[in-house]
Amino acid sequence: MVIASRPLIVGNWKMQGLRASIAEMEAMARHQPVRPVDICLCPPFTLLEAGGRAIGSSALWIGAQDCAPSRMGAHTGDIAAEQLADMGVRMVILGHSERRADHGETNAVVRAKAEAVLAAGLEPLICVGETARERDTGATVAVILAQLAESLPEGEGRARCTIAYEPVWAIGTGRTPTGREIIEAHAALRGSLGMHQTLRILYGGSVKPGNAAEILALSGVDGALVGGASLTAKDFVAIIDACP
Ligand code: PGA
C-alpha cells in the first residue's frame, strides 16, 4: 500500500534571475500556505547565497539545479554537492531534460551525480520524461522506466530521492498530457520502485495557476516541478495553494 505523502512543490528558475529577483523570493518566503506542503526553490547558482538569506528561517527549502558527479577538486567551472551543502542547499535537481539535451547527460551521469548528492547529505530530484516522438510511437512507459532504472542510485540512498515525471514536449510549451496520461506514467514509475513505492513522484511541464489544482489532485501525483510559473511569487504561491 502506498501511503499518501505531503505534497512537494519545487520551483526551477533555470538560467533566469538577477539580484533584483530576490524580492520575489522574499515574497514567496512570507507566504503562509493554506495546507501543509513542502516547498523548495531552485534559483541559479549565482543566487543561492542571497536566496538563502532572503528565505531566512521560513519553511522554504533552497535547492540547486545541477551539480558535478565528482568530489571537490580540479574541475574548472564545476560545482560539487559538498559546496552546495555548505550553502544550505537541501535538494538538487538532476537529469532535467534541458541538461540531458544541452550537455549530453546520460542516465549514467545522472546516477553518478545522484550518488554525489547523497554522499553530501542532500536529496536528489531525478527527472525523467519522453519526447513527443517517443509518446507518438507509444514508447513513453518503456522510455521513462529505462531512464529511472538507470538514473536512480542503488542502495538505501534511494529512499532519499524524489522523482519528477516531465514530458519533454510539455516543458515550457503550455501543453500538458491528459490527466489519464499523467496517472498512467506515474503509476508505471511507482510500480517499478519495488520497496521504494512511497517516494514522491512530481509532475512537471507547463504547470500554471490555471491547471495546478487539477494536476495536483490526480492519483499518484505527489507535487509539481514548476519552471516558468515559479519566477513570480504571485503565480508560485497560487500553485502552492492549489495543493489538495
Ligand atoms: P515549465 O518548466 O513549468 O516552464 O514548463 C518545467 C521544468 O522544466 O521543470
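Predicted model: local features only at pLDDT ≥ 70, side-chain atom pairs only at ≥ 80, totals over all residues.
Residues are numbered from 1 along each chain as its sequence is written, and side-chain values use heavy atoms, with hydrogens and water left out.

Let me turn to the polar contacts, meaning pairs of N or O atoms within 3.5 Å. A polar side-chain atom of His96 lies 2.6 Å from an oxygen atom of the ligand, an N or O atom in the side chain of Lys14 is 2.7 Å from a ligand oxygen, and Gly228 brings a backbone N or O atom to 2.9 Å from an oxygen of the ligand. On its own the ligand has 280 Å² of accessible area, of which the protein covers 97% (by the Shrake-Rupley method with a 1.4 Å probe).

Now to the helices, which are DSSP runs of H or I with at least four residues, numbered from the N terminus. Helix α1, residues 22–30, and helix α10, residues 233–240, have axes, fitted to C-alpha atoms over the stretch in contact, that come within 9 Å and cross at roughly 30°, with angles running from 0 to 180 degrees between N-to-C directions. Because angles under 35 degrees count as roughly parallel, α1 is roughly parallel to α10.

How values were computed: Polar contact = N/O pair within 3.5 Å; in protein donor to acceptor, adjacent residues only side chain to side chain. Helix = DSSP H or I, 4+ residues; strand = E, 2+ residues; numbered from the N terminus. Parallel < 35°, antiparallel > 145°, perpendicular 65-115°, else oblique.
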